[in-house]
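Good morning, everyone. Please bring up the structure, and we will walk through a few places in it.

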Amino acid sequence: MDIYVVEKGDTVDSIAAGYGIMAERLIAVNQLEYPYRLAVGQALLILTEEEANVESDKREISVNGYAYPFIRNWILRQTLLYLTDLSVFSYGFTFEGELIYPLVSDDWMLSLSGEFGTRPILTLTPFGPDGNFNNQLIHSVVRNPEYSSRLIGNLLEVMREKGYVGVDIDFEFILAEDRDYFTDFVRNVTETMNDNGYTASVALAPKTSATQQGLLYEGKDYKALGEAANSVLLMTYEWGYTYGPPMAVAPLNMVRRVIEYAVTEIDNRKIDMGIPNYGYDWPLPYTRGQTKATTIGNIEAVQIAINNNAVIMFDETAQSPYFRYNVNGTEHEVWFEDIRSINAKFNLLEEFNLRGAGYWTIMQWFRPNWELLNYRFKIKGQ
């Protein structure tokens, strides 16, 4: 396995010839689009079919992917080959603990996950009518034993009815005064699920210390939640986000800090590291409160660079690719994930001997990631 960074004058044929592999293999592994133009600075995974299929003493990890019910069928089919768990996003709930089903039926996803032997996970989120996380919904349910019991009972009923095998609790912006109530709720969910043969996990905001301030962090007690749930997902992404300034979505230096803290509070065998499967395109200049980035796929990012003759750079600290381009007089800055940034994250997963990885989201197909994952690890359940 090798990672090659495209230089000026390179072509698919010349790179393939240099490595003694078929051009068709290079194209397929890297999901190159016809007519197979390349961007200077683009990273390519060099992986022969023999290397991809070699059986060795690879470490077994758990791999989870989040998906909405409107994911394209072919993308889900391709991705299920590499997943231990499929987290369906998402179920909601009312102030009184009544469960709210996804707007689009999830039945077909459960059927397909069964076909591939992947564990279907019900993702529970406190979304309000505006589609955003609502901490008043959390406040209402976790502090009221009747509402909490009703919600857990409703979850159990749906698990049995639809065939889910686990529940993932993704609550964000929890009020600081609700921290311990939330932990108790997670513990109650886990105990109920485990008693009935199911699992429970919880998503954690990317904290770097127990005393970290801010609405995203104060309501989550890493140590207590790590003990309460069967596993946790560190949401190690969204440093670069829609309304923030241009920067890496998951800068490796920050991801490392979160993991270094997490393993002091939680058993590393319970921890999944979050990996983003997307990038952002910001128009410049950036103005706080006004500028809005566009979410783009990793393959799309490279095509934007190619179409605008942009050179892809690589930030060594963040271990993330980026570039700038100009269109119609407006300059843009793009940060995304490539095989180099993904490989760096896999190195962290290995270094800290974590349980596995969780992808937000699998809505877009990025084959180089899955090829490298399969090369480096044995995927539990596959």
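Let's start with a pair of helices. Helix α4 covers residues 73–80, and helix α5 covers residues 107–116. They pack at an angle of about 30°, and their axes are 10 Å apart. Before I go on, one reminder: this is a predicted model.

How does α4 pass α5? The crossing is right-handed. Now look at the residues that meet. From α4 we have N73, L76, R77 and L80. From α5 come W108, M109, L112, S113, E115 and F116. What kinds of residues make up this contact of α4 with α5? There are 6 nonpolar, 2 polar and 2 charged.

On to the second pair. Helix α10 runs over residues 252–265, and helix α12 over residues 339–351. Their packing angle is about 20°, with 11 Å between the axes. Angles under 35 degrees count as roughly parallel, so α10 and α12 are roughly parallel to each other. Here, α10 passes α12 in a right-handed crossing.

Which residues meet here? On the α10 side, they are L252, V255, R256 and I259. On the α12 side, they are A344, K345, L348 and E351. This contact of α10 with α12 divides into 5 nonpolar and 3 charged residues, with no polar ones.

Find the loop between β10, residues 271–276, and β11, residues 279–283. Y278 lies in that loop. Is Y278 buried or exposed? Its relative accessible area is 7%. Buried means under 20%, so Y278 is buried.

What does Y278 touch? Leave out residues up to four places away in sequence, and the list is Y237, E238, V249, T295, I296, N298, F336, E337 and W360. The side chain of Y278 makes a polar contact with the side chain of E238, at 2.6 Å.

One more distance for Y278. In sequence, Y278 and I75 are 203 residues apart. In space, C-alpha to C-alpha, they are 15 Å apart.

Let's stay with E238, the polar partner of Y278. E238 sits in the loop between β9, residues 231–234, and α10. How accessible is E238? The value is 33% relative accessibility, so E238 counts as partly exposed. Its backbone deserves a mention too. Phi of E238 is near 75°, a positive value in a residue other than glycine.

Q319 also has a positive phi, near 50°, and again the residue is not glycine. Where is Q319? Look in the loop between β13, residues 313–315, and β14, residues 320–327. At 18% relative accessibility, Q319 counts as buried, because the cut-off is under 20%.

Last topic: cis peptide bonds. Take the bond from F89 to S90. That bond is cis, with omega near 0°. S90 lies in strand β4, residues 85–93.

Now go to L284 and P285. A cis peptide bond joins them, and omega is about 0°. Where does P285 lie? It is in the loop between β11 and β12, the latter being residues 294–296.

To recap, in the predicted model: α4 and α5 pack at about 30°. α10 and α12 pack at about 20°. Y278 is buried, and its side chain makes a polar contact with that of E238. Thank you.

Methods:
Residues are numbered from 1 along each chain as its sequence is written. This is a predicted model: local features need pLDDT of at least 70, side-chain atom pairs count only at pLDDT 80 or more; totals for chains, interfaces and linings use all residues. Side-chain values use heavy atoms; hydrogens and water are left out. Axes are lines fitted to C-alpha atoms, for helices over the stretch in contact, and angles run from 0 to 180 degrees between N-to-C directions. Helices (H or I, at least four residues) and strands (E, at least two) are DSSP runs, numbered from the N terminus. Angles under 35 degrees count as roughly parallel, over 145 as roughly antiparallel, 65 to 115 as roughly perpendicular and the rest as oblique. A crossing is left-handed if the near helix is turned anticlockwise from the far one by less than a right angle, and right-handed if clockwise. Contact means heavy atoms within 4.5 Å. Ala, Val, Leu, Ile, Met, Phe, Trp, Tyr, Cys and Pro count as nonpolar, Asp, Glu, Lys and Arg as charged, and the others, Gly among them, as polar. Buried means under 20% relative accessible area, exposed over 50%, partly exposed in between (1.4 Å probe, protein chains only). A polar contact is a pair of N or O atoms within 3.5 Å; within protein, one must be able to donate a hydrogen and the other to accept it, and residues adjacent in sequence count only if both atoms are side-chain atoms.
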